[in-house]
Amino acid sequence: MKNIFETVCGIINEVAGMENIESRDMLKEDLGLDSLSLVEICVRLEDEFSIQFDSDNLNPNEILCVGDLVRLIGKTL
């Protein structure tokens, strides 16, 4: 299985067409993701990793960059 970061980047690329993604890239400001895109990314990540995010952990004020998503998945696995 690909590592978490590569999988997150692949899904962001599929949803938003973004390439050369870095861990510190801000989801909204740098990658231009809107709330609908973020929901789609989260749903795809749940499917990919066979997990379900706890709604308490999906605080938009805490998941600001790609690295935050990677950490959330690691914590959920």
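**Entry 1: helix α3**

I looked up which residues of α3 are buried in this predicted model. In α3, the buried residues are Val66, Gly67, Asp68, Leu69, Val70, Leu72 and Ile73. I noted a general point beside the list: an α-helix has 3.6 residues a turn, so residues three or four places apart point the same way.

Next I asked what covers the buried residues of α3. The cover includes α1 (4-16) and α2.

**Entry 2: α1 against α3**

Two packed helices are described by the angle between their axes and the distance between the axes. I looked up both values for this pair. The angle between α1 and α3 is about 125°, and their axes lie 10 Å apart. The crossing of α1 past α3 is right-handed.

I then listed the residues that meet. From α1 they are Ile4, Phe5, Val8 and Ile12. From α3 they are Val66, Leu69, Val70, Ile73 and Gly74. Sorted by class, this contact has 8 nonpolar residues, 1 polar residue and no charged residues.

Is aspartate 68 buried or exposed? Aspartate 68 lies in helix α3. Its relative accessibility is 17%, and because buried means under 20%, aspartate 68 counts as buried. I set aside its neighbours within four places in sequence and found aspartate 68 in contact with Glu62 and Ile63.

Glutamate 62 has a relative accessible area of 53%, so it is exposed, the cut-off being over 50%. I also checked glutamate 62 against glutamate 40, which is 22 residues away along the chain. Their C-alpha atoms are separated by 18 Å.

**Entry 3: cysteines**

A disulfide is a covalent bond between the sulfur atoms of two cysteines. How many disulfides does a search of the whole structure find? The search finds 0. Cysteine 42 is in no disulfide, and the nearest cysteine sulfur, that of cysteine 65, is 13 Å away. Cysteine 42 counts as buried, at 17% relative accessibility.

Technical notes: Residues numbered from 1 in each chain as written. Predicted model: local features only at pLDDT ≥ 70, side-chain atom pairs only at ≥ 80, totals over all residues. Heavy atoms only, no water. Buried < 20%, exposed > 50% of the residue type's maximum accessible area, 1.4 Å probe, protein only. Disulfide = S-S within 2.5 Å. Helix = DSSP H or I, 4+ residues; strand = E, 2+ residues; numbered from the N terminus. Contact = heavy atoms within 4.5 Å. Axes fitted to C-alpha atoms, helices over the stretch in contact; angles between N-to-C directions. Left-handed = near helix turned anticlockwise from the far one by under 90°. Nonpolar A, V, L, I, M, F, W, Y, C, P; charged D, E, K, R; others polar.
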